[in-house]
Amino acid sequence: MSLDKATVRKIAYLARIRVPDDALDGLARELNHIIGWVEQLNEVDTTGVEPMASVVDIRLPKRADEVSDGGIAGEVLKNAPEPVVAPGADGGFFAVPKVVE
Amino acid sequence: MSYLVKGERGDWEAVVGLEVHAQIVSNAKLFSGAATQFGAAPNTQVSLVDAAMPGMLPVLNGHCVAQAVRTGLGLKAKINTRSVFERKNYFYPDLPHGYQISQYSQPIVGEGAVLLDMADGSTRTIGIERLHMEQDAGKSLHDQDPNRTFIDLNRAGVALMEIVSRPDIRSPEEAGLYLRKLRSILRYLGTCDGNMEEGSMRADVNVSVRPKGSNELRTRAEVKNVNSVRFVMQAIEAEAARQVAVYDAGGQVTQETRLYDSDAGETRPMRIKEFAHDYRYFPDPDLLPLVLTDEYIRKIEADLPELPDAKKQRFIADYGLSPYDAQVLAAERETANYFERVAKGRDAKQAANWVTGVLFAHVNETGKSIDASPIGPEALGQLLDLINAGTISGRIAKEVFADMAATGKPAKDIVAARGLTQISDAGAIEVAVDKVIAANPKQAADVRAGKAKTIGWLVGQVMKATGGKANPQMVNELLKRKLGG
Amino acid sequence: MTALTGLSIAAVRDGLAERDFTALELAREHLRSIEKARHLNAFITETPEIALARAKESDARRAKGKALGPMDGVPIAIKDLFCTASVPTTAGSHILDGFTPTYESTVTAKLKAAGAVMLGKTNMDEFAMGSSNMTSYHGPVKNPWRPKGREKRDKNLVPGGSSGGSAAAVAAGLAPAAIGTDTGGSIRQPASFCGIVGMKPTYGRCSRWGIVAFASSLDQAGPFARSVEDTAILLAAMAGHDPKDSTSAPVAVPDFQAALKKSAKGLKVGIPKEYTMDGMPAAIDALWKRGVAWMQAQGAECREVSLPHTAYALPTYYIVAPAEASSNLARYDGVRFGLRVDEGGTLDEMYAATRGEGFGAEVRRRVLIGTYVLSAGYYDAYYLKAQKVRALIAEDFRKAFEAVDVLLTPTAPSAAFAIGDKMDDPVAMYLNDVFTVPASLAGLPAISLPAGLDADGLPLGLHLIAKPFDEETLFRAAAALEEACSFDAHPPGFGGSP
């Protein structure tokens, strides 16, 4: 399965990573090389094999339904590039370029 | 009678499936300990986990699992003992991780059914395909600033159940019944409060159309995030009509996501181009498969309340109610409990009439719940006792009820204070009847002449003269006797 | 030049107890060495104020007779992948510019509670993706080891990766110990390149909470030190169940140090035949055979075992790890922390510009590979297939461990190579992990210890793998091997020596 420039562009969009147009060919070559290399897995017969579901042999732990977190708007917004103080001064918002729905 | 959309060259059927997102009733979120209360100041109910800070990890809220299992059992559905949380990957500002933890290929609940009580008394079954747990996203506010969208993550990570129906729904009416029934079941179970205005229950409506009589499944469009039963019904009508028009014009319906504009009464496409809906689902490596034991499921099953369908059947069987009355009373758990307390040791049909009639009207006016009414079931029962003992007439009882609602006083006290005790003394009634006959010779003559209807008017006059307190049956009988009707 | 740098944790522990020196003196000496060794670029952020404050606190505790334990007062270096409260944390990436966590990772919180003295945050491959430390936004790290011989002497070598800074710091005597993370070999391989001990515990032994995630089903925190005993001491302070991490194992932390005292007599050591690879350098092969002989001399029984799917471990890893990473790194979007590149366009453009500028080439490659192998139409052929092969690899180990207690292999297919090498071909770089990756895929505990020098005088490591949660046997075997190989070489300038 070979990746062409258009596919790389599509994947880069899915991953939201801007790749300059003049870098697409080189990137396609690299990715093809890696994909070509990992394809050797096709040599392995995996009929009837269950995919590994968990590396560690334990049950999924569950927590109690208690409010034990939150109320830390200051911390949550501390590293924001563009925090906005809420009009009521309690809490605040993250701001991003306008999205049109 | 099936719902049809008239096209240019024939009739079309609507094929509708509903995906309901129901917020799970819980104190904390699905994978974090932040609170879930509606209406808090922005970003004050957000843990570092919800904000997707580097290195944060999810831990599953056990209560949410139990709520999902409860719901599955209430939908008569198969509980899957092994289910897997998967990541649904996409970029959106209200999705801080860049993925939503959901369940895709192995949901916690499988196939089930919801019974609709149709208006004509019949029932119709709508299949449930699956129910799975997932995180809610945060909120984007687009109207706070001309150039910026503001993000509030309070809702991000709140536990949702996504309940997916089979495309068995065929009309707006059925969709309305389905949503109301689903909400009723969820409220019975206490797993979701079904409050569509606050957003704790939302519906995505999948609509396609096909020529009447055909079995094909054509391309469907999805109308997202409709937040009232009425709008769901309107959206179906609008979208079905739109699709028929598209086909009539020789076009094709595209699979797309649309929004319902209630002001315009039409659906329109969402502007975000959701091209490459490639969510790249894969099992969340921060979690393990969820394995439930049979014992765990049995325990939850044993704890289920009597649900609306069973309650309705019991009301019909034990109280002799009509299916319609039974269904109305069983729709909400609080109402059903109220009714049963009134009906205990009394005439069930009378109790049903009073609850569904006078009491409902009063409750609707106050806008509060039946449990918040100042007239409790015992108080209403006493009122009925007074009627049945002949102490007051049914009409007077309605006045007394209004007083009870206003003052919270017991019926007995109001009747005594206002001297509303029914006059059942034959002598007193006769005096009043004679007076009225004497005062209204023309009408009396009419009755004697055979105009039976005028008796009603004369009864009315006697009731007026006695301040409404005369026993109306006795008045009627006496008038008939005296006027030879 | 002082004798204070170059001490083991055990010697520090004893020296502090004996009042031979104070934690403050120790911290000052190490901070001075760090200053003098800045050309190595082992640290991204030095934290002298924190170090001195913690050292003073340690001395104060000790004065009151309330010393906390063996790590109290011990200076350590921390890989910049661990979130440390109020200290910038970069993960070696431009995209985390300016990010200062308000929270502390569980592992570093435990070390702090044990009295460890943080000297600084060490350099690393960006987002832990690499085997050379060359992908760091903050520049490469120089291995303190230099090759012998006129022509090669001026060559700067890589320390290995991704925990290159931590390994270099310990090797150069800038810290007695350091912590790193190991996803496919990121502790063990740099330990081998730097001539020190590095260990990856069983998956689930240490908490991942607060560690910037690369590949969730593979990442594990682990210790670097200059002796097996030291790594056991450090691991004991790092390990333990964390309810905030759903993959953290609710198992007790055994007494690792006690395990060191057991002899290797009767230990069954497996030698996996598939680890003999075409083109394996003679020096590595020779060292491996010497390792077998050493273990036998220590009373262990060595036998050949088979791990038939070994050759498929690297390609499996390079599907699973990038897939998980592509999802884990989606949160780096310029919205809530770190770099934001807003050119006045749409939100999508902001995402793309931020991530395009913020991620380096290797991270970009892996995120794209990961996105591809999870995408519609390819999930079954790649990701699902890889998870099946992974299950087979784990099963290979399970079967082998029915017959033996530990496995012995080389750590890396070469000694440290030159900075700038292997950059033309990403796959050539991936091959560095050929011996370490299988144990990662199976979640097994593994350790690398320095066992010999190659013809250029560069260190080579030997690698031991044990059963899940059997770090005790791992330490037992490693202690025996360490004793047998008596490796005592040091890079130039180590411990302040010329």
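Biologist: Is Pro20(A) buried or exposed in this predicted model?
Modeller: Pro20(A) sits in the loop between helix H1 (5-14) and helix H2 (24-38) of chain A. Pro20(A) has 8 C-beta neighbours inside 10 Å, so the call is exposed.

Biologist: How many Å separate Pro20(A) and Arg9(A) in space?
Modeller: In sequence the two are 11 residues apart. Taken C-alpha to C-alpha, the distance between Pro20(A) and Arg9(A) is 9.7 Å.

Biologist: Turn to chain C. What is its radius of gyration?
Modeller: Chain C has 498 residues, and a compact globule of that length would have a radius near 23 Å. Its C-alpha atoms fill a box of roughly 65 × 55 × 50 Å along the principal axes. The radius of chain C agrees with the globule value, at 21 Å.

Biologist: What percentage of chain C is buried?
Modeller: Chain C has 16 helices and 11 strands. Of its contacts with a separation of 6 or more, 79% join residues 24 or more positions apart. Buried residues make up 65%.

Biologist: Which helix supplies the largest share of the side of chain C that touches chain A?
Modeller: The contact involves 56 residues of chain C and 36 residues of chain A. Helix H10 (313-328), helix H11 (347-358), helix H12 (361-374), helix H13 (380-400) and helix H14 (426-430) of chain C each give at least two residues to that side. The largest share is 10 residues, and it comes from H13(C).

Biologist: How many residues on the side of chain C that touches chain A are nonpolar?
Modeller: That side belongs to a contact with 36 residues of chain A. It includes 17 polar and 10 charged residues. The nonpolar residues number 29.

Biologist: What distance does H13(C) reach from its first C-alpha to its last?
Modeller: H13(C) has 21 residues. At 1.5 Å a residue, 30 Å is expected. The helix comes close to that, reaching 29 Å.

Biologist: Which strand of chain B packs against the buried residues of H13(C)?
Modeller: The buried residues of H13(C) include Tyr382(C), Ala386(C), Val389(C), Ile393(C) and Phe397(C). Charged side chains are also listed, among them Lys385(C), Arg390(C) and Asp396(C). In chain C, the packing partners are H10, H12 and helix H15 (437-441). From chain B comes strand S16 (282-283).

Biologist: Which strands are the edges of the open sheet that holds S16 of chain B?
Modeller: The sheet has 3 strands in the order S6-S5-S16, with antiparallel pairing. An edge strand here pairs on one side only. In chain B these are strand S6 (99-102) and S16.

Biologist: What is the bridge partner of Glu86(B) in S6(B)?
Modeller: Strand S5 (residues 86-89) of chain B runs antiparallel to S6(B). The two are joined by 4 bridges. The partner of Glu86(B) is Ser102(B).

Biologist: What is the radius of gyration of chain B?
Modeller: Chain B has 485 residues, and a compact globule of that length would come near 23 Å. The C-alpha atoms of chain B fill a box of roughly 90 × 55 × 50 Å.

Biologist: How many Å apart are the C-alpha centres of domain 1 and domain 3 of chain B?
Modeller: The domain assignment gives domain 1 (4-299), domain 2 (333-418) and domain 3 (426-483). Between the C-alpha centres of domain 1 and domain 3 of chain B the distance is 63 Å.

Note on methods
Residues numbered from 1 in each chain as written. Chains lettered and ligands numbered in written order. Predicted model: local features only at pLDDT ≥ 70, side-chain atom pairs only at ≥ 80, totals over all residues. Rg over C-alpha atoms; globule rule 2.2 N^0.38 Å. Buried ≥ 20, exposed ≤ 12 C-beta atoms within 10 Å, placed from the backbone. Contact = placed C-beta atoms within 7 Å. Expected span 1.5 Å × (residues − 1). Domains from an automatic or database assignment. Pairing = 2+ DSSP bridges.
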